[in-house]
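Dear colleague,

I am passing on the structure we spoke about, together with notes on what was found in it. Please read the notes with the coordinates open beside you.

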Amino acid sequence: MDGNDQKRKRMKCDSDISRLSPSMWRYIEACVSLKDEQVAARVTSDAEKDEWFVVKVINFDEKTKEFEVLDEEPGDDEEGSGQKKYKLPASCIIPFPKRNDPLSTQEFPAGRNVLAVYPGTTALYKATVISTPRKRKSDEYLLEFDDDEEDGALPQRTVPFHKVVPLPEGHRQ
């Protein structure tokens, strides 16, 4: 291979990158901007149920389109008590709303099913919106979590707006 062939090959690789559509560039930039942010992540997906946890994004690999995330508080049933890392595709990641910008956040109406962090944990579960932050004049949703029965009734729990995300299609719990 002479110098011209190498140059042509290098130019082809460079042009591959520049051929990304503007929407793909925005997508990659959005993914890269999640570094050091907490996000909701589906870390397991067996035939029975999806398990979602709060994790911290360590890195986004632009080539493989995978996030490297860290579960900073793995559950008691995990072997060892250290932090656990995962490599996950973007389809397993949902960014949380920005804590300091409640007005630009999508508000879920009463009756809508959402995925929310259960109070006092780092796990997300399916819940139904009972009351919205605007209606409550606060920054919290009032939610009823599925399978959270106490004395035959579903208790209503408050969850900050920045810990509530849309329920993914086909969610299994």
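The notes below go from the overall fold to the cores, and then to the side-chain pairs.

This is a predicted model, in which local features need pLDDT of at least 70 and side-chain atom pairs count only at pLDDT 80 or more, whereas totals for chains, interfaces and linings use all residues. Residues are numbered from 1 along each chain as its sequence is written, and side-chain values use heavy atoms, with hydrogens and water left out.

**Overall fold**

The chain has three helices and 10 strands, where helices (H or I, at least four residues) and strands (E, at least two) are DSSP runs numbered from the N terminus. Read from the N terminus, the order of the elements is α-α-β-β-β-β-β-β-β-α-β-β-β. Of the 173 residues in the chain, 30% are buried; buried stands for under 20% relative accessible area, exposed for over 50%, and partly exposed for what lies in between, with a 1.4 Å probe and protein chains only. The accessible surface comes to about 11,200 Å², and carbon and sulfur atoms hold 47% of it; the areas come from the Shrake-Rupley method with a 1.4 Å probe, and for residues only the protein chains shown count as cover. Among the contacts in the chain with a separation of 6 or more, 43% are between residues 24 or more positions apart, a contact being heavy atoms within 4.5 Å.

**Nonpolar cores**

The largest nonpolar core has 15 residues, and those with the most contacts inside it are V39, A41, V57, F67, V69, L88 and I93; a core of this kind is a set of buried Ala, Val, Leu, Ile, Met, Phe, Trp, Tyr and Cys residues joined through side-chain atoms within 4.5 Å. At least two residues of this core come from each of helix 2 (22-32), strand 1 (38-45), strand 2 (50-61), strand 3 (66-71) and strand 4 (84-89). Another core, of 12 residues, lies apart from it and includes F108, A127, F145 and F161.

A41, which lies in strand 1, counts as buried because its relative accessible area is 0%. Once residues up to four places away in sequence are set aside, A41 touches E51, W52, F53, V55, L88, C92 and I93. One of these, F53, is 12 residues from A41 along the chain, and the C-alpha atoms of the two are separated by 5.5 Å.

**Aromatic pairs**

There are four aromatic pairs in the structure; rings of Phe, Tyr and Trp (its six-membered ring) pair if their centres lie within 6.5 Å, and planes under 30 degrees apart count as stacked, over 60 as edge-to-face and the rest as tilted. One of them joins Y118 and Y125 edge-to-face, at 6.2 Å centre to centre and with 90° between the planes. In another, the ring centres of Y118 and F145 are 5.0 Å apart and the planes stand at 65°, so this pair is edge-to-face. That pair links distant parts of the chain, 27 residues apart, with Y118 in the loop between strand 6 (113-117) and strand 7 (123-131) and F145 in strand 8 (residues 140-145). Ring pairs thus join Y118, Y125 and F145 into a cluster; Y118 and F145 are both buried, while Y125, with 34% relative accessibility, is partly exposed.

**Charged side chains**

K163 sits over the face of F96, 4.9 Å from the ring centre, the criterion being NZ of Lys or CZ of Arg within 6 Å of the ring centre and within 35 degrees of the ring normal.

The structure also holds five salt bridges, each a side-chain nitrogen of Lys or Arg within 4 Å of a carboxyl oxygen of Asp or Glu. K126 and D146 form one of them, at 3.8 Å from N to O, and this pair connects strand 7, which holds K126, with the loop between strand 8 and strand 9 (156-160), which holds D146, 20 residues apart. K126 is partly exposed at 23% relative accessibility, and D146 is partly exposed at 27%.

D148, E150 and R157 are linked in a network of salt bridges. The closest N and O atoms are 2.6 Å apart between D148 and R157 and 3.0 Å apart between R157 and E150. D148 is buried at 11% relative accessibility, whereas E150 is partly exposed with a relative accessible area of 42%.

With best wishes
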